[in-house]
Amino acid sequence: MFEYAPAPESRSVVDIASSYGLFIDGSFDGGKDGDVFKTINPATEEVLAEVATAGPEDVDRAVAAARRAFGSWSALPGAERAKYLFRIARIIQERSRELAVLESLDNGKPIRDSRDVDLPLVAAHFFYYAGWADKLAYAGFGPDPRPLGVAAQVIPWNFPLLMLAWKVAPALATGNTVVLKPAETTPLSALFFADVCRQAELPPGVVNIVTGAGDTGAYLVAHPDVDKVAFTGSTEVGREIARTVSGTGKRLTLELGGKAANIVFDDAPIDQAVEGIVNGIFFNQGHVCCAGSRLLVQESLFEPLIDSLKRRMATLRVGDPLDKNTDIGAINSAAQLARIRELSEIGASEGAERWSPECPLPDRGFWFAPTIFTGVTQAHRIAREEIFGPVLSVLTFRTPDEAVAKANNTPYGLSAGVWTEKGSRILAVADRLRAGVVWANTFNKFDPASPFGGYKESGYGREGGRHGLEAYLA
Amino acid sequence: MTVTVSAGLSDLRSFLHGLPGVDKVGVEARAAALATRSIKTSAKAHAIDLAIRMVDLTTLEGADTPGKVRALCAKARRPDPADSSCPPVAAICVYPAMVPVAAAALAGSGVHLASVATAFPSGQAPLEVKLADTRDAVAAGADEIDMVISRGAFLAGEYSRVFDEIVAVKEACGGAHLKVILETGELGTYDNVRRASWLAMLAGADFIKTSTGKVAVNATLPITLVMLEAVRDFRERHGRVIGVKPAGGIKTTKDAVKYLVLINETVGDDWLTPDRFRFGASSLLNDLLMQRTKLTTGHYAGPDYFTLD
């Protein structure tokens, strides 16, 4: 056997302070009432830093700062706003090694993903929307589209910096100012981003970052002086936010959960389909709202495909997120691990057959071996509920009609995948899938120019591309 | 889906065209992802020695002379004269005319002697000439034959002609191992690479080899990946283990290590041996030696510390 020696990325490339304040009006300060919370490295459970909890007064200050900054920021010519965004994008590229290590430490994702996926996409988003800033009049939203004002943005922990980029870049390009709350378990890269904003000499108040848990977020989205709310996270919280915001006149976009079907027809390119299945569900530990968590295999292909999938899964390398050869890192939190375990146990007790490759897991930290369930039916909870972990439910179908019916038979509708060498089938099936993104012969591919968003309980509004501008323009 | 040796054209065609397709974007992405593996310290040392043992040290020039071939053979036996712990390469690969010289120079060394035959590199000669070429090389001492397929016949869909040629050459080889060069750079698609791989294996190849090294596109990682998948699937169905040899364009240790990673994560252990995997290369060896010395001494020695041939 060809064993790979440890190849750790150096964690000393990034400085982590022992404590962080809130980023309001261009500078850091402690929260008003001095409350803090700890953020840990999920791979080791070691405390990385203490971070201030923003209380109502802190959120008030942040919103007020954003309001003050809005006038002059929105009055800048688009080309001037673009300069700031280009500058931020370049600084992110220059400091991407620091940011990648920081993201892997705080989130648990493999350095290969943070280095090769997250950070390049983050920079690409800022570059992309920088390009739009002076072309808004030609974006198809009327001759003189106006910004909305102050945007309250609440983002999840699965792609902390990338979700920040998805939110902040279009908001700034269109002339809005923002108050952003990162997730409680992954605040560090957003706070690093605050430093990037200072380095780019972004005017104070244009970007404000308030850290904290659900209370902070709830207060922020309910704030009366906020004009726009953008949320990415669970459907449950999204529903609450929709309730809070309804009737207030605030604009709202929600990007919520998913239970995507990855449909493999028997004429698929099998080796690449197996890669796509693996990438669809095990990328980022399965902490992906658009993960291909339901595999729908044509029954005639079931056995060879599952054999190939198992063989491939046996080569997945689970462990130290900072090792450059790690494929699957740590689960982000104890709470998330508990949820994955609970749903997996339900899957087994409901009669599905559970399988994981032999896979030694570290003693400390939060870990879950890549897992597939076969013999799953539409009636199983693991076929209906979002697990948000490295757990795949495998179902079968006989005909294209049945595949489409099963794929659509979910309250969600964020993404889907179709695998076949037959071009006409791709088009026909994609046309009938009720999902915001349909990937053909690939999965989990992202690009700033491509709109992203859901049907049904996966949310509404689109992020990315020209469509992503609309959510921030009146 | 079994194909007999006397398979007719229609059987072969339906079998080869019934193989699962290869998605170009997907296979290239997979190869690129594996190429990011970070192989350091002890793993790198292991990889370098393994790669040296897998080299088919090659000279295939019109200007080849007995002197050149003898020098190459000396290098094959003892790649690093300054370090006796350095293993020999797998084989020498020469034109048939040079086989007697190489056979004498390699006698008793354990280094295999491969010869390209069958009107290398174009394969555009009558079958009788190809067979004579093969028999001569084997008679002169070659224990491995690297043949080229008729790409023209393959692309024209004359699969049974290609098949029969391989069968005939295999027979002419006698006890010598047969490597079948697909010349993937001329096949145009990954689907064709997969089909040609199966065609060669079904016809009796011991090894499938990417390229002659004489066309614009030679060995690439994704092409080799497709071929590795083919030998993996072939073993599953027929129980016979076929070797793989990428050739042409592999020049650095970094390149070679990427191929070893590819084997490791697609077909595994059974192919991590010179019996099942070879690098067709000439300049690769010196880079391997240079990196090997770097690992032991901690610094790079200049190119003049490594022998020219």
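**Note on a predicted two-chain model**

1. In chain A, seven strands make up an open sheet whose order is β13-β14-β15-β12-β11-β16-β17, with mixed pairing. Strands here are DSSP runs of E of at least two residues, helices are runs of H or I of at least four residues, and both are numbered from the N terminus. Two strands count as paired if DSSP finds at least two bridges between them. At the edges of this sheet stand β13 (353-355) and β17 (437-440) of chain A; each has a single partner strand, so one side of each is left without a neighbour in the sheet. From one strand to the next, the twist averages 20°. Axes for such angles are lines fitted to C-alpha atoms (for helices, over the stretch in contact), and the angles run from 0 to 180 degrees between N-to-C directions.

2. The model is predicted: local features need pLDDT of at least 70, side-chain atom pairs count only at pLDDT 80 or more, and totals for chains, interfaces and linings use all residues. Residues are numbered from 1 along each chain as its sequence is written, while chains are lettered from A and ligands numbered from 1 in the order in which they are written.

3. Within the chain A sheet, strand β12 (residues 294-298) and strand β15 (residues 391-397) of chain A run parallel and are joined by five bridges. A:S393 in β15(A) is the residue opposite A:R294.

4. UniProt, in an unreviewed entry, places the feature "domain: Aldehyde dehydrogenase" at residues 35-473 of chain A. Such positions are given in the numbering used here, feature names are shortened, and annotations may be inferred rather than shown by experiment. The span 35-473 of chain A is 41% helix and 16% strand, and its end C-alpha atoms lie 36 Å apart.

5. A backbone detail of chain A concerns A:D25, which has a positive phi of about 55° although it is not a glycine. A:D25 belongs to the loop between β2 (22-24) and β3 (27-29) of chain A.

6. Chain B contains 12 helices and eight strands. Its radius of gyration is 19 Å, close to the 19 Å that the globule rule gives for 309 residues, so chain B is as compact as a globular protein of that length. The radius is taken over C-alpha atoms, and the rule is 2.2 Å times the number of residues to the power 0.38. Along its principal axes, the C-alpha trace of chain B spans about 60 × 45 × 35 Å.

7. Chain B has an open sheet of eight strands with parallel pairing, in the order β7-β6-β5-β4-β3-β2-β1-β8. Its edge strands, β7 (243-245) and β8 (279-281) of chain B, each pair on one side only. The twist in this sheet averages 25° from one strand to the next. Three bridges link β1 (residues 55-58) and β2 (residues 91-94) of chain B in the parallel sense; B:D56 has B:A91 in β2(B) as its bridge partner.

8. B:F120 and B:P121 are joined by a cis peptide bond, with omega about 0°. B:P121 is found in the loop between β3 (112-116) and α6 (127-139) of chain B.

9. On confidence, the model scores ipTM 0.95 and pTM 0.96. Chain B averages a pLDDT of 95, and 97% of the residues score at least 70; pLDDT is the predictor's confidence in each residue, from 0 to 100.
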